[in-house]
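Reader: I have a chain to look at and would like to go through it step by step. Please show it.

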Amino acid sequence: MDSQSVQLVEIVSKIADLAIRRACGLQYSLENLPPSLRKPAREIIEHIASQLVLHDRDTLRCKLCGRGPFTRKGLYLHIRRVHLDHVYQLARRELEEYLWRLKNT
Ligand SMILES: [Zn+2]
C-alpha cells in the first residue's frame, strides 16, 4: 500500500471508533484527525452513530443485532468486538464518497 492509502486506513479506523463512542454516549474527540477532515468526519460520525444504537427508554441496545440491554461501556465493547468490520466498512464508504465529491465537484 502507498502512504496515502495507509493514512486512509488509519483515518477510517479512527472514524469508526469515534462513531461507536458517539453512538454509546461516551466522550470522543476529533483532535487526532487531520484538521481538513474534521468537519466531514463529524457528519460521517453522526450518520453512522445513528445506525448503531437503539435507545429503548433508559436502556441501550445494539441496533445491528438487537442484543442488550447494555451499559454505555458494555455496548461500546460489544460493537467493537462483534461489529467493528461492519462499522469500518460504513466509515470507509462514507469517507471515500466525501473524497470523491471533493475531487469531482
Ligand atoms: Zn450487536
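Reader: How many helices and how many strands are in the chain?

Author: This is a predicted model. Read along the sequence, the chain follows the pattern α-α-β-β-α. The count for the chain is three helices and two strands.

Reader: Which value does the radius of gyration of the chain have, and why does it agree with a compact globule?

Author: The C-alpha trace spans about 45 × 25 × 25 Å along its principal axes. For 105 residues, a compact globule would have a radius of gyration near 13 Å, so the chain agrees with this at 14 Å.

Reader: What percentage of the residues of the chain count as buried?

Author: A residue is buried if 20 or more other C-beta atoms lie within 10 Å of its own. Of the 105 residues of the chain, the share that counts as buried is 24%.

Reader: At what angle do H1 and H3 pack, and is the arrangement parallel or oblique?

Author: Helix H1 covers residues 3-24 and helix H3 covers residues 72-104. Their axes are 8 Å apart, and the angle is about 135 degrees. Angles over 145 degrees would count as roughly antiparallel. At about 135 degrees, H1 is therefore oblique to H3.

Reader: Which hand does the crossing of H1 and H3 have, and how many nonpolar residues are in the contact?

Author: H1 and H3 cross in a right-handed way. On the H1 side the contact includes Ile11, Val12, Ile15 and Arg21, while H3 brings residues including Leu75, Tyr76, Arg80 and Leu95. In the contact of H1 with H3, one residue is polar, four are charged and the nonpolar ones number 15.

Reader: Which residues of H2 make the contact with H1?

Author: H1 passes H2 in a right-handed crossing. H1 supplies Ile15, Leu18, Ala19, Arg22 and Ala23. From H2 come Ala41, Ile44, Ile45, Ile48 and Ala49.

Reader: How many charged residues are in the contact of H1 with H2?

Author: Nine residues of this contact are nonpolar, and no residue is polar. The charged residues in the contact of H1 with H2 number one.

Conventions. Residues are numbered from 1 along each chain as its sequence is written. This is a predicted model: local features need pLDDT of at least 70, side-chain atom pairs count only at pLDDT 80 or more; totals for chains, interfaces and linings use all residues. Axes are lines fitted to C-alpha atoms, for helices over the stretch in contact, and angles run from 0 to 180 degrees between N-to-C directions. Helices (H or I, at least four residues) and strands (E, at least two) are DSSP runs, numbered from the N terminus. Angles under 35 degrees count as roughly parallel, over 145 as roughly antiparallel, 65 to 115 as roughly perpendicular and the rest as oblique. A crossing is left-handed if the near helix is turned anticlockwise from the far one by less than a right angle, and right-handed if clockwise. Two residues are in contact if their C-beta atoms, placed from the backbone, lie within 7 Å. Ala, Val, Leu, Ile, Met, Phe, Trp, Tyr, Cys and Pro count as nonpolar, Asp, Glu, Lys and Arg as charged, and the others, Gly among them, as polar. The radius of gyration is taken over C-alpha atoms; the globule rule is 2.2 Å times the number of residues to the power 0.38. A residue is buried if 20 or more other C-beta atoms lie within 10 Å of its own, exposed if 12 or fewer, and partly exposed in between; C-beta atoms are placed from the backbone.
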